[in-house]
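Q: Hi! Could you walk me through this structure?
A: Happy to, let's have a look together.

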Amino acid sequence: MADGTLPRVSSYPPSSPAQPTTLRQRLAGLRGPAVPPRPLDARALAALAANPGCGRRTLLDGAGVDKTVLASALGSPAAFGQSQFAIVRGNSFEAKVKGDGGAELLRLVYEHLGAGAEPPGRGALVPDLAAAGPEGRAARTALALREATAAGTWTLLDHPMLALEVAGSPAYLEPDAVVVHPDGRWTVVEIKSFPMIDGSADAAKVGAAARQAAVYVLALEKTARKLTGAEVGHTVLLVCPKDFSNLPTASAVDVRRERSVTLRQLERLTRVDELAAALPEGLSFDPERTAEELAEAVAAVDASYAPECLAACELAFHCRERARAAGEVTSLGRSVRGELGALTTVEAALAAAASGAGPEGDPTAEALHHAARLRAEALRSAEVLRSAEEGAACPC
Ligand code: SF4
């Protein structure tokens with residue numbers, strides 16, 4: 001989405017008929033009575049896939065718990081998001097890109113990814129995708145994709161609705177646009193409001209956009225599998241303002257790596273029903289409960305905090321505080337966690353460094369002890385050297 005905030009959200013996973021009634025009721029109980037489910041979106045899915053070991057996030061997202069509200073109720077509100085000004089600017093840029101029947105957007109797609117096809121003229125189709133509810137809109141989008149592929153003409157789908165099953169729940173996703181090429185290829189278009197200066201944009205922002213687009217590609221592939229002649233492009237089009245102007249420019253972004261990583265990680269996610277079944281009866285994340293009750297409920301679900309959570313999850317401050325309080329080495333970063341093997345707490349790592357004792361069969365403790373000895377020797381040598389230099393410089 002051009003505003004760079006959470007993309008439009010339209011899924012109500014817990015109320016989907018795909019879930020058995022008991023699971024729906026259980027998830028509704030976890031949210032709290034009269035709390036509507038928070039829809040999932042592509043950015044949340046990309047972040048979920050970036051931390052597949054976190055059962056806490058999987059459960060909360062799968063149950064439709066609003067993590068922003070939960071974080072505030074816990075006393076650790078999330079501190080990321082976009083200013084209203086940036087949102088308005090992004091929306092106005094997206095409207096400009098899609099203006100005039102999407103002529104400029106189609107031109108950019110043709111220029112960057114349209115090799116071999118006739119240029120899109122005034123005859124490009126822009127089907128009406130309006131329908132009731134996310135399921136209706138997803139069905140309408142699937143029909144429009146089928147018709148456009150069969151027609152073999154340039155077609156622009158503005159804010160189509162795509163369905164993707166995540167951790168046992170269907171999520172409905174809304175990309176900025178999907179373009180159908182005359183040869184049956186489908187291209188995801190992401191419109192962002194960060195600038196592309198001299199043909200390149202901030203690598204971190206492009207990476208986040210690529211991960212988000214990869215989720216759309218996966219959702220589109222599900223529909224394309226049922227259609228003859230349809231093919232989902234693994235190169236997406238990123239449209240941004242050119243330099244410091246409001247004019248659109250674009251870049252083709254290969255999302256094959258992001259797609260395969262996201263697919264693998266989404267498949268590994270623990271199913272929501274298994275996570276919910278492991279929780280005690282009566283546990284709830286209802287924001288009406290006290291902060292202590294909520295903290296207890298949150299603590300009942302295993303988490304896997306890493307500093308990367310700070311940029312991706314609303315509960316990051318709460319989880320960081322708990323991870324630090326418990327002395328978990330994950331709070332120091334995934335690379336540190338990986339290097340420390342079976343030593344999962346700072347206390348255990350310090351003890352291993354001092355004594356060399358650690359979990360049986362894990363060489364990390366001995367390596368740490370060796371490193372600690374080398375460090376102590378280096379410090380001693382430096383101290384001796386400094387004393388000698390001070391002695392030599394002394395005039396008395
Ligand atoms: S902040 Fe907490 S809940 Fe969110 S992904 Fe990280 S560990 Fe999981």
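A: One term to begin with: contact means heavy atoms within 4.5 Å. This is a predicted model, where local features need pLDDT of at least 70, side-chain atom pairs count only at pLDDT 80 or more, and totals for chains, interfaces and linings use all residues. Residues are numbered from 1 along each chain as its sequence is written, and side-chain values use heavy atoms, with hydrogens and water left out.

Q: Great. Which residues is Arg-89 in contact with, leaving aside neighbours within four places in sequence?
A: Those are Ser-193 and Pro-241.

Q: And where is Arg-89 found?
A: Arg-89 sits in helix H5, residues 84-113. Helices here are DSSP runs of H or I with at least four residues, strands are E runs of at least two, and both are numbered from the N terminus.

Q: How many helices and strands does the chain have?
A: The protein chain has 14 helices and eight strands.

Q: Switching topic, what surrounds the ligand?
A: The surrounding residues include Asn-51, Cys-54, Arg-56, Tyr-305 and Cys-319; near means a heavy atom within 4 Å. Helix H3 (55-62) and helix H11 (316-325) are the elements giving two or more residues to that shell.
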